[in-house]
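The sequence and structure come first.

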Amino acid sequence: MNIAEVSKKYGLTADTLRYYERIGLLPAIKRNKSGNREYDEVDCERVEFIKCMRAAGLSIEVLTKYMHLFLEGDSTLKEREELLIAERDRLQERLEQMQSTLERLNIKIADYKNGKFCLKNKNCQCV
């Protein structure tokens with residue numbers, strides 16, 4: 001696939017894909033005779049993985065470190081696992097915070113629907 005096709009398939013700009021390659025998040029993509037990037041199945045799987053992990057909140061720095069370790073091979077298995085566990089734990093904490101916020105929002109929305117909103121004054125603590 002060329003860069004435009006990969007861009008469309010994964011909802012990333014061509015500039016983003018080039019940036020990922022430039023910083024080493026993606027290994028150098030093979031080029032055709034015209035010098036255009038040609039993404040193979042493995043490249044696309046990596047793009048999909050990166051997109052998924054970014055959507056979960058992993059930073060570019062963490063992903064770049066992970067990808068470099070991955071390319072080093074099996075000697076980095078433990079380090080990669082530890083990195084992913086740490087990121088999972090951070091994600092779990094964020095999910096718990098979001099769940100708490102969602103519950104609070106639902107309570108406030110229910111209060112409005114039930115006419116239980118505060119009309120006392122601007123210093124009211126029942127927000």
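## Cover of helix 2

Helix 1 (3-10), helix 3 (41-55) and helix 4 are among what covers the buried residues of helix 2; contact means heavy atoms within 4.5 Å. Helices are DSSP runs of H or I with at least four residues, numbered from the N terminus. The model is predicted: local features need pLDDT of at least 70, side-chain atom pairs count only at pLDDT 80 or more, and totals for chains, interfaces and linings use all residues. Residues are numbered from 1 along each chain as its sequence is written, and side-chain values use heavy atoms, with hydrogens and water left out.

In helix 2 (residues 14-22), Ala14, Leu17, Tyr20 and Glu21 are buried (under 20% relative accessible area, 1.4 Å probe, protein chains only). Seen down the helix axis, these buried residues fall within an arc of 120°, so they line one face of helix 2; the arc is that of the directions from the axis to the C-beta atoms. Asp15 and Arg22, on the other side of helix 2, are exposed (over 50%). Gly24 follows helix 2 and has a positive phi, near 90°.

## Thr64

Thr64 lies in helix 4 and is buried, at 12% relative accessible area. Beyond its neighbours within four places in sequence, Thr64 contacts Ile23, Gly24 and Leu25.

## Helix 4 and helix 5

The axes of helix 4 (residues 60-72) and helix 5 (residues 77-113) come within 10 Å and cross at roughly 155°. Axes are lines fitted to C-alpha atoms over the stretch in contact, and angles run from 0 to 180 degrees between N-to-C directions. Helix 4 and helix 5 are therefore roughly antiparallel (over 145 degrees).

Technical notes. Helices (H or I, at least four residues) and strands (E, at least two) are DSSP runs, numbered from the N terminus. Angles under 35 degrees count as roughly parallel, over 145 as roughly antiparallel, 65 to 115 as roughly perpendicular and the rest as oblique.
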